[in-house]
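This report is a short tour of a two-chain complex. Please keep the viewer open while reading.

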Amino acid sequence: MQLDSILFYLFAVQILFSALMTITRRNVVYSAVWLISTLVGVAGIYLLQGAEFLAGVQIILYIGGITVLFLFVIMLVPVSEESKQRRFSSQLWIVLIVAVLLTGELGYFLWQGADSFQMGEPTPPAEIGTVTTNSEQIGQVLFSEYLLPFELASILLLVAMIGAVVMAKARPGAE
Amino acid sequence: MPRGYIPILIFLVLAFAFPVVTILVAKLVRPSAPGKTKLEAYECGIPSDADTRGRYSIRFYLVAILFVVFDVETIFLIPWAIQYNVLGLFGLIEMLVFLAILIVGYIWIFRQGALKWV
């Protein structure tokens, strides 16, 4: 479908441009805002592939949660001095050579295996029983096939919770 | 892209276009006369005596990371809620186990006083 291709390239350009802006900004807060733009583009790609639930998660979690976390971390770190220094170190040439080599390598293998990278059509919803939408499919699979990983996820969240509280309260009584 | 998202796309495009167009038009129309006085804090403000990028309390970070944790938890509720009729009692028990583990953590956090804002 023509519209899908146009939208894909729009999102792809948006992702690449925003990602470049993210890593080149001198002010970290601007970087974080460009990161939001990058993540919105990725959500758009998910939506194009018919993964509505993933797109929603991308926006709610990554943009609404994790980027806010980044901003809080930026606030916690005194950046005024660091931001005035040179961003690129004297190893620029070594880094450039390694990056070019890696890109060439990656490009070569992508070129070799390009046939296997054909984008499959999103699974037609009707194929999986009475389930109709992407979110329903995820609910169905999550609570049958991937039940254990789902329950383990809650343990992981518990660990994250406890870890954050313990680290933040490292000095008891200190305000 | 599923059909139903076209209106959202149009909405997004308009939402982005509005501030861009407004700022550009304002830039074309307005007179340009920058002055030092204009940059001062006006009657309703006091001059700042420190850098804006001071250090903040770690509590902001704590609240943010706890928000992310419970955000993930809520995300997991959505596919369950959508498929509630199909999953039935088994799904309900699974979700209760999932929630119980997190509620234990929540009670622990609460008793640690991590949510208290002193």
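**Confidence**

The model is predicted. For the complex, the predictor reports an ipTM of 0.72 and a pTM of 0.74. Chain A has a mean pLDDT of 82, and 80% of its residues score at least 70. For chain B the mean is 84, with 92% of residues at 70 or more. Within chain B, helix α1 (residues 6-29) has the highest confidence, at 92. Helix α2(B) has the lowest, at a mean of 86. One stretch of chain A calls for caution. Over residues 125-129 of chain A, pLDDT stays under 50. The model has four contacts beyond four places in sequence for that stretch.

**Chain A on its own**

Chain A has six helices and zero strands. Its pattern along the sequence is α-α-α-α-α-α. Chain A has 175 residues, of which 13% count as buried. Take its contacts between residues at least 6 apart in sequence: 52% of them join residues at least 24 apart.

L35(A) sits in helix α2 of chain A. It counts as buried because it has 22 C-beta neighbours inside 10 Å, and the threshold is 20 or more. Leaving out residues up to four places away in sequence, L35(A) touches T22(A) and T67(A). L76(A) belongs to helix α3 of chain A. L76(A) has 15 C-beta neighbours inside 10 Å, so it counts as partly exposed.

L35(A) and L158(A) are 123 residues apart along the chain, and their C-alpha atoms are separated by 27 Å. L76(A) and L61(A) are 15 residues apart in sequence and 21 Å apart in space.

**The interface**

The contact between the chains takes 44 residues from chain A and 40 residues from chain B. On the chain A side, the elements that give two or more residues are α1 (2-24), α2 (28-48), α3 (52-76), α5 (134-142) and α6. Which of them gives the most? The answer is α6(A), with 14 residues. By class, this side of chain A has 31 nonpolar, seven polar and six charged residues.

**Two helix pairs**

Helix α2(B) packs against both α6(A) and α5(A). The table sets out the geometry.

| Pair | Angle | Axis separation |
|---|---|---|
| α6(A) and α2(B) | about 175 degrees | 10 Å |
| α5(A) and α2(B) | roughly 95 degrees | within 8 Å |

Start with α6 (residues 147-168) of chain A and α2 (residues 58-82) of chain B. Their axes are at about 175 degrees. Angles over 145 degrees count as roughly antiparallel, so α6(A) is roughly antiparallel to α2(B). From α6(A), the residues in contact include L157(A), M161(A), A164(A) and V165(A). From α2(B), they include I65(B), L66(B), V69(B) and E73(B). By class, this contact has 15 nonpolar, no polar and one charged residues.

Now α5(A). Its axis crosses that of α2(B) at roughly 95 degrees. The range for roughly perpendicular is 65 to 115 degrees, so α5(A) and α2(B) are roughly perpendicular to each other. S135(A), E136(A), I138(A), G139(A) and L142(A) meet I78(B), P79(B), W80(B) and I82(B) here.

**Nonpolar cores**

The largest nonpolar core has nine residues in all. From chain A come L157(A), M161(A) and A164(A). From chain B come A64(B), I65(B), L66(B), V68(B), V69(B) and L102(B). The elements that give two or more residues are α6 of chain A and α2 of chain B. Which helix gives the largest share of this core? It is α2(B), with five residues.

L66(B) is one of the core members. Not counting residues up to four places away in sequence, L66(B) touches M161(A), A164(A) and I109(B). A second, separate core has eight residues, among them L35(A), V42(A), L48(A) and A55(A). This is the L35(A) already described as buried.

Methods: Residues numbered from 1 in each chain as written. Chains lettered and ligands numbered in written order. Predicted model: local features only at pLDDT ≥ 70, side-chain atom pairs only at ≥ 80, totals over all residues. Axes fitted to C-alpha atoms, helices over the stretch in contact; angles between N-to-C directions. Helix = DSSP H or I, 4+ residues; strand = E, 2+ residues; numbered from the N terminus. Parallel < 35°, antiparallel > 145°, perpendicular 65-115°, else oblique. Contact = placed C-beta atoms within 7 Å. Nonpolar A, V, L, I, M, F, W, Y, C, P; charged D, E, K, R; others polar. Core = buried A, V, L, I, M, F, W, Y, C linked by C-beta atoms within 7 Å. Buried ≥ 20, exposed ≤ 12 C-beta atoms within 10 Å, placed from the backbone. pLDDT = per-residue confidence, 0-100.
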